[in-house]
Structure formats: C-alpha cells, structure tokens
Amino acid sequence: MAAIVDYAVLAFLAVTAVALLHFRNLFAVVMLASIYSLLSAALFVRLDAVDVAFTEAAVGAGISTILMLGSLALVGSKEERPRHTPIIPLLVVAVTGAALIYGTLDMPPFGRADNPVHQHVAPRYIQETPEKIDVPNVVTAVLASYRGYDTMGEVIVIFTAAIGVVLLLGIRQPRGEKESRSNEKGPTRGGKASE
Amino acid sequence: MIEQIADGASWAFIVTGAVFLVIGGIGVLRMPDVFTRLHAAGITDTLASGLILVGLMFQGGWTLVSVKLVLILLFLLFTSPVSSHALARAALHGGIRPILADSRGK
Amino acid sequence: MTHHLVLRVVANILVGPILLFALYVQFHGDYGPGGGFQAGVIFAAAFILYALIHGLEMTQRVLPIWVLKLCIALGALLFIGVGYACLLLGGNFLDYNALAHDPVHGQHLGILLVELGVGITVFSVMVAIFYAFAGRTGTD
Amino acid sequence: MFTAAAAAILLTMGLAIVRALLGPTLYDRILAVNMFGTKTVLIIAVLGFLTGRPDFLDIALVYALINFIGVIAVLKFFEYGSLGAGRSDSRDPTS
C-alpha cells in the first residue's frame with residue numbers, strides 16, 4: 001500500500017508541475033507551487049527524511065508562499081508571453097533530462113544496505129553518535145556537530161540574503177511616511193512600481 | 001477484549017471519515033459555485049478529518065502520539081472553519097455572488 | 001484585516017501556541033525532528049500572522065526594526081562565537097568537546113547554542129524579508 | 001484500515017487538484033489549496049501509522065498551523081493588494 005501512496009503522490013507532483021508551466025496567471029502559479037511543496041513534503045515523509053519534510057512544511061508551504069505573494073503585490077500577477085520560441089530551451093532540457101535518466105540506469109537499487117552511499121561516513125556517524133554525542137536524533141548531530149562548518153556556511157548565506165534584501169528594498173517604517181500618504185490615499189492595488 | 005473494542009471503534013471512525021472525505025471531494029468537484037463548494041470542502045476539513053484523527057487516536061492509545069493527534073485536531077477545528085469563513089467573506093467582497101434558487105431558473 | 005472579527009480572535013488565540021510550538025521544535029530538536037532552522041521559520045510565521053491581521057505598524061511596535069537587525073547579526077555571531085570559544089578553550093574551531101569537562105556535555109552545549117544561533121538568524125531574516133516586501137507594497 | 005483511509009485521502013487529494021486546475025475563479029483555487037493542506041496533514045498522520053512509526057506527527061502539526069497562515073496571507077493579498085496593510089488603511093468593508 002505504501003508503494004501506491006508513492007506512485008499517487010508522484011503522479012500528483014507531475015500533474016502539478018505541468019500545470020505550473022501551463023498557467024500564465026502568476027497567482028494560480030503560487031497556489032499550485034504551494035500544493036507542490038505540500039506534496040513533496042508528503043513524499044519526504046515516505047522517504048523517512050523527517051527533518052527535510054519538516055523544513056519543507058515550514059518553508060515551502062508557508063513562508064515562501066507568503067513571500068511570493070509579497071513580491072506579486074509588487075510586480076503584478078500577469079506573466080508576459082515569452083518573446084522567443086521555446087523550442088531550443090525545450091530541446092536542451094529534454095537532452096539533459098534524458099542524460100540524467102540514462103545516468104540513473106547505472107545506479108544501485110534504491111535503499112539497499114550495501115550501496116556506496118551507505119559505506120562512506122554514514123556508518124561512522126550512526127555508530128559514534130550514541131557514545132560521543134549522545135543525541136537521539138542523528139540528523140541534528142550530523143548537522144550541528146559533524147558538519148558544523150556546513151551549517152555555519154548556511155547561516156552565513158541566510159545572513160547575506162537578509163543583508164541583500166535590506167540593502168536593495170530597505171525596511172520602511174509605515175509611520176515615517178505620513179506626508180507621502182497624505183497625497184496618495186490608501187494602498188494601490190497590484191502595485192505598479194513607479195519608475 | 002479491550003483491544004478488539006478499540007480496533008472496532010477505530011475501524012468505524014476511520015471508515016466513516018473516509019466516506020465523508022470522498023463525499024466532500026466529489027462535492028468540491030461537482031458543486032456549481034464557490035460557496036457551495038466551500039460547504040463540501042468544509043465537510044472534509046472538519047468532520048472527516050476529525051473522524052479519521054479520532055480513529056487514529058484509538059490506535060495510538062494513551063501515549064504522546066494521541067496527545068499530538070488531539071493537538072492536530074484542535075488546531076484543525078480552530079483554523080479550517082475560520083479560513084472557510086474568511087474565504088467566503090473574501091469571495092463575497094471580491095464580487096462573486098452566490099447562485100440562488102431564483103437566479104438559476106432564468 | 002481587523003474588521004474580520006472571527007479571524008482576529010482566532011489569530012490572537014493562535015499566535016501564542018505557535019510561538020510555544022516553535023520553542024518546542026527548537027529545544028526538542030535533539031530528540032525528534034526539527035531544529036534551529038525549522039523553529040526559526042515557525043517563530044517568524046507567528047509574527048507574520050500577527051502582521052497579517054494587525055498590520056505592519058502594530059507588528060513593528062512589538063518587534064522593532066532595530067531589534068530585528070540586531071538579531072540577524074546576533075544569531076550568526078553566536079554560531080561563530082561558539083566556534084571561537086572552542087578555539088580559546090583549547091580545541092579546534094567548532095570542536096564542542098572542549099566546551100565542557102566532559103566531551104559529551106560539551107557536545108550537548110555546543111549543539112544547543114549553535115542551533116539557537118541558527119534559529120535566531122533564520123527567524124529574524126524571515127521577518128526582515130517580510131517587512132521589506134510588505135512595507136514596500138502599496139505605498140510605491 | 002489505514003489503507004482504506006490513505007486511499008480515501010489520496011482520492012480526495014486528486015479531486016482537489018482537479019478543482020485547483022479547473023477552478024474558474026481564484027477563490028476556487030484557494031479553496032482547493034486549503035483543502036489540499038488539511039488532506040496533507042491527514043495523509044502524513046495516516047502514513048505514520050501505516051508504516052508503524054507514528055512518532056512524526058510534529059510535521060502534521062506544523063502543517064495545520066502553517067496552512068492557516070498561508071490562506072490568511074492569500075486572502076489578505078486579495079482584499080488589500082498588499083500584505084502589510086493595517087488598521088489605519090483598511091477599506092470600508094461594508095461599502
């Protein structure tokens with residue numbers, strides 16, 4: 001039965017992805033993207049990647065939907081028709097995709113215990129964690145301790161993202177713009193940015 | 001003995017919930033306008049979800065799992081009617097009028 | 001959205017539990033799924049819910065911008081500071097064994113502090129980006 | 001039993017996706033996404049029991065909370081055209 005759940009969720013994912021490409025109304029795209037991340041989180045739960053599913057739940061379905069809506073309010077929700085024909089990009093994507101699928105043919109069967117992935121550092125982490133770190137959740141031990149440098153890099157990346165956004169857009173205090181509000185009543189819909 | 005009762009109860013709850021889920025899903029597809037579809041979606045959000053979660057609670061027993069299930073149920077009971085309500089209000093505010101009995105017969 | 005009475009009441013009820021749940025995720029990350037990143041996002045989600053209902057202005061009274069800017073740097077500094085603390089206590093950079101007399105305790109302390117740093121940064125960054133986007137909309 | 005529940009949830013998810021794709025108005029899509037969110041909460045809860053490890057309900061709990069916030073954000077976007085509008089610039093709802 002669990003396999004049927006996998007197939008069903010994967011089929012839904014495919015349908016949603018095609019629909020995402022199809023729609024020109026960006027608002028519908030945001031809604032479908034929200035569905036997409038809900039589905040992929042369900043898939044991560046099936047793959048036992050609980051922490052990843054957790055992140056996807058919190059970030060993909062919640063915050064990123066909100067932030068995308070925030071940017072839609074700035075740029076409007078109509079997608080322009082592309083000026084170029086999509087033939088060449090389609091060709092590139094198709095060739096790359098075919099190559100990737102061809103690559104998976106040589107991969108060892110999914111989930112077998114003697115796969116190369118499970119031979120490298122994973123056994124050491126799993127065996128050492130209970131005695132050296134004594135944290136029940138091995139993922140936390142790997143992220144925060146064994147791979148502390150990587151996590152530090154991630155924090156710096158997030159930090160840089162915030163600096164970039166604050167520098168580019170700036171955080172404004174709504175109270176500080178009383179005078180600008182007096183000549184412009186209320187919020188404008190769709191938010192056409194004045195050049 | 002007590003296990004059989006719990007199993008039976010959770011079967012009953014889950015199957016009833018599943019039936020309501022499917023009914024609601026069909027309703028969302030078949031109903032004529034947003035407001036009636038909201039009605040159908042509301043069934044799946046509260047009644048069916050509640051029944052299934054209660055059915056799972058019988059399987060969980062007196063453990064942390066059941067506590068979390070109760071929390072999920074509570075949150076769902078709080079949030080989904082509210083978002084249905086807000087959605088209906090926003091739809092009405094956005095200029096969509098419900099299809100009424102006299103407007104259908106032309 | 002303050003004129004939505006039902007919405008406002010329920011959102012006011014929910015903000016507290018969401019914050020509490022974020023703290024649970026933060027400090028329970030050693031035992032179950034979750035950790036600093038997820039907790040930061042959930043914590044930010046509570047503030048975003050508040051901002052959606054009560055407006056940006058009220059939210060910035062609760063969580064002023066200068067606090068936010070401080071927090072963005074504070075989280076990253078806490079992480080790197082733990083690394084330097086390890087260095088000063090005689091270990092390698094981010095080698096938590098040096099933090100306490102018992103290596104296992106040191107690891108616990110290190111993971112706790114580092115996750116806290118991640119949580120603070122992620123939380124403040126998410127809210128800052130939301131402030132930047134939402135504050136710009138409608139007045140330009 | 002869990003199989004039956006999972007099948008019903010998946011079927012309902014499929015119907016909700018169809019509604020999200022068809023949905024003539026944007027409100028239909030929001031409705032479908034909202035419904036889809038609660039169904040995801042359910043399927044994660046049921047999947048935990050189906051695989052015999054019901055310890056991961058935290059994720060379902062997060063979903064129940066986050067989904068609500070997402071829907072509120074969408075509705076606010078529609079009603080005000082911005083996410084940061086507050087008390088002072090609310091439009092008259094009765095007009």
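How many residues of chain A are in contact with chain C, and how many of chain C with chain A?

## Basis of the report

This is a predicted model in which local features need pLDDT of at least 70 and side-chain atom pairs count only at pLDDT 80 or more, while totals for chains, interfaces and linings use all residues. Side-chain values use heavy atoms, without hydrogens and water, residues are numbered from 1 along each chain as its sequence is written, and chains are lettered from A in the order in which they are written.

## Contacts between chains

In the A–C pair, 49 residues of chain A are in contact with 48 residues of chain C, contact being heavy atoms within 4.5 Å. Five pairs of chains touch, and the pair A and C has the most contacts among them. Chains A and B, by contrast, do not touch, and 13 Å separates their nearest C-alpha atoms.

Zero salt bridges are counted between chain A and chain C (a side-chain nitrogen of Lys or Arg within 4 Å of a carboxyl oxygen of Asp or Glu).

## Elements on the chain A side

Helix 3 (50-75), helix 5 (122-133), helix 6 (138-146) and helix 7 (148-168) of chain A each give two or more residues to the side that touches chain C. Helices are DSSP runs (H or I, at least four residues), numbered from the N terminus. Helix 3 of chain A gives the most, with 13 residues.
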